[in-house]
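Hi everyone, thanks for coming.

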2 protein chains.
Amino acid sequence: MKILKIEKITNEKWLNLYAATYEHNGKTGRWVYASRRDTCEPGAKCDAVIIVPVLHEEGKPPRLVMIREFRVPVGGYDYGFPAGLLEPGEGVEETVRREIIEETGMEVIRFRRISPPVFSSAGLTDESAALAFVDVRATPEMRQKLEGTEEIDVVLLDYEQVCKLCDNPDLPLDAKAWSTLYMYQRLGKLD
Amino acid sequence: MKILKIEKITNEKWLNLYAATYEHNGKTGRWVYASRRDTCEPGAKCDAVIIVPVLHEEGKPPRLVMIREFRVPVGGYDYGFPAGLLEPGEGVEETVRREIIEETGMEVIRFRRISPPVFSSAGLTDESAALAFVDVRATPEMRQKLEGTEEIDVVLLDYEQVCKLCDNPDLPLDAKAWSTLYMYQRLGKLD
């Protein structure tokens, strides 16, 4: 399969549709996908980070830090992880440190694992993000700095609550969030 | 936050952009998102299934079944799981049984876990899918039935290969796929 050309078919500020013409077994086809990028080069550039933070506090069990946020496409509140787009010239670790403070008021004390850029839905969009598993601590202020258009609630979950959220069929969850909850449930602990 | 109205702003066959007008703290804003749906009702309908199949064969270690597939938005081959859209009136388990045969020639012998519909990227699209963890067996024919416009390769991975793929920074991977590989790596086995 080969991509012959890519055309931008909308002119929105944050998200656009692109139409790719491809060749496959001598036939040509058209594939429409969504992108946040300005150029029409598909591929594995890292657009964003998704942070899986575990809060460690003395005398308390480790707790997973999640975000309850209003999401327009979902039509309501969604549970997910702190996340954000890389700014020009910014590296993944830098973005993680910035976003976790901005969204939760917490600080990274240890990077445990960073995934390569992975695709959110490879047939629908070129959006890719690195997943960063980090240990965090609360800063003295621990204040949420809310961004203008977002309503964000920070939620702290111990192991039992992680399992409960994973097993709840009625709460809207992000796919990466559910997969991570399920991982901890299978592991039998939050560490 | 409240959604005041939603307008379809493109007229494509498979994927469209919608613009939602929302109200937040007395101000209104506009949020553009991508959707495969025909209606403009956001929410947690289940669009698709993503299948995490483990193949069990006598005298062999269990192996994870993945798909290597050309993905236009990615601009190349991507590793992910067998997946597919629900047909009208079809339930999640039915879709899983149909898609796994169509894409890999294998049969479900046990459903281990089905997630609620989870969102691929809740800020960008209303796309949601149920993740189904299943045990599978190979049918005598074990032939791939390739769909018209897709190039699909079935890949079987034992535990060591799962870890290797999880640790490879250069292979394009779907987010749900990487999260699952990481879960098995952390569990220390494929079961």
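**Strands, a shared surface and a helix**

Let's start with one pair of residues: Phe119(A) has Ser128(A) as its bridge partner in strand 10 of chain A. That pair belongs to strands 9 and 10 of chain A, which run antiparallel and are joined by two bridges. Before I go on, please remember that this is a predicted model.

Stay with strand 10 of chain A for a moment, and look at what else pairs with it. Strand 8, residues 106-114 of chain A, is antiparallel to strand 10 of chain A, with seven bridges between them. There you can find Arg110(A) opposite Asp135(A). Strand 4, residues 48-55 of chain A, runs parallel to strand 10 of chain A, and eight bridges join them. For an example, look at Ile50(A), whose partner in strand 10 of chain A is Leu131(A).

Now let's bring in the second chain. How many residues of chain A are in contact with chain B? There are 55, and they meet 54 residues of chain B. Several elements of chain A give two or more residues to this side, including strand 2, strand 10 and helix 3. Helix 3 of chain A gives the largest share, nine residues. By type, the side of chain A that touches chain B has 32 nonpolar, 14 polar and nine charged residues.

Pairing also crosses between the chains. Strand 12 of chain A and strand 9 of chain B run parallel, joined by two bridges. Here Asp174(A) stands opposite Phe119(B).

How are the two copies related? Chain A superposes on chain B by a rotation of 180° with 0.0 Å of shift along the axis, at an RMSD of 0.0 Å. The copies are therefore related as by a two-fold rotation axis. They also meet through the same surface, because 98% of the interface residues of chain A are interface residues in chain B too.

Last stop: helix 1 of chain B, residues 92-104. Its 13 residues reach 18 Å from first C-alpha to last, close to the 18 Å expected at 1.5 Å a residue. Which of its residues are buried? They are Val92(B), Thr95(B), Val96(B), Glu99(B), Ile100(B), Glu103(B) and Thr104(B). Down the axis of helix 1 of chain B, these buried residues fall within an arc of 125°, so they line one face of the helix.

Terms used
Residues are numbered from 1 along each chain as its sequence is written. Chains are lettered from A and ligands numbered from 1 in the order in which they are written. This is a predicted model: local features need pLDDT of at least 70, side-chain atom pairs count only at pLDDT 80 or more; totals for chains, interfaces and linings use all residues. Two residues are in contact if their C-beta atoms, placed from the backbone, lie within 7 Å. Helices (H or I, at least four residues) and strands (E, at least two) are DSSP runs, numbered from the N terminus. Ala, Val, Leu, Ile, Met, Phe, Trp, Tyr, Cys and Pro count as nonpolar, Asp, Glu, Lys and Arg as charged, and the others, Gly among them, as polar. Two strands pair if DSSP finds at least two bridges between them. Copies are superposed by least squares on the C-alpha atoms of residues with pLDDT of at least 70 in both. The expected span of a helix is 1.5 Å times one less than its number of residues. A residue is buried if 20 or more other C-beta atoms lie within 10 Å of its own, exposed if 12 or fewer, and partly exposed in between; C-beta atoms are placed from the backbone. The arc is that of the directions from the helix axis to the C-beta atoms.
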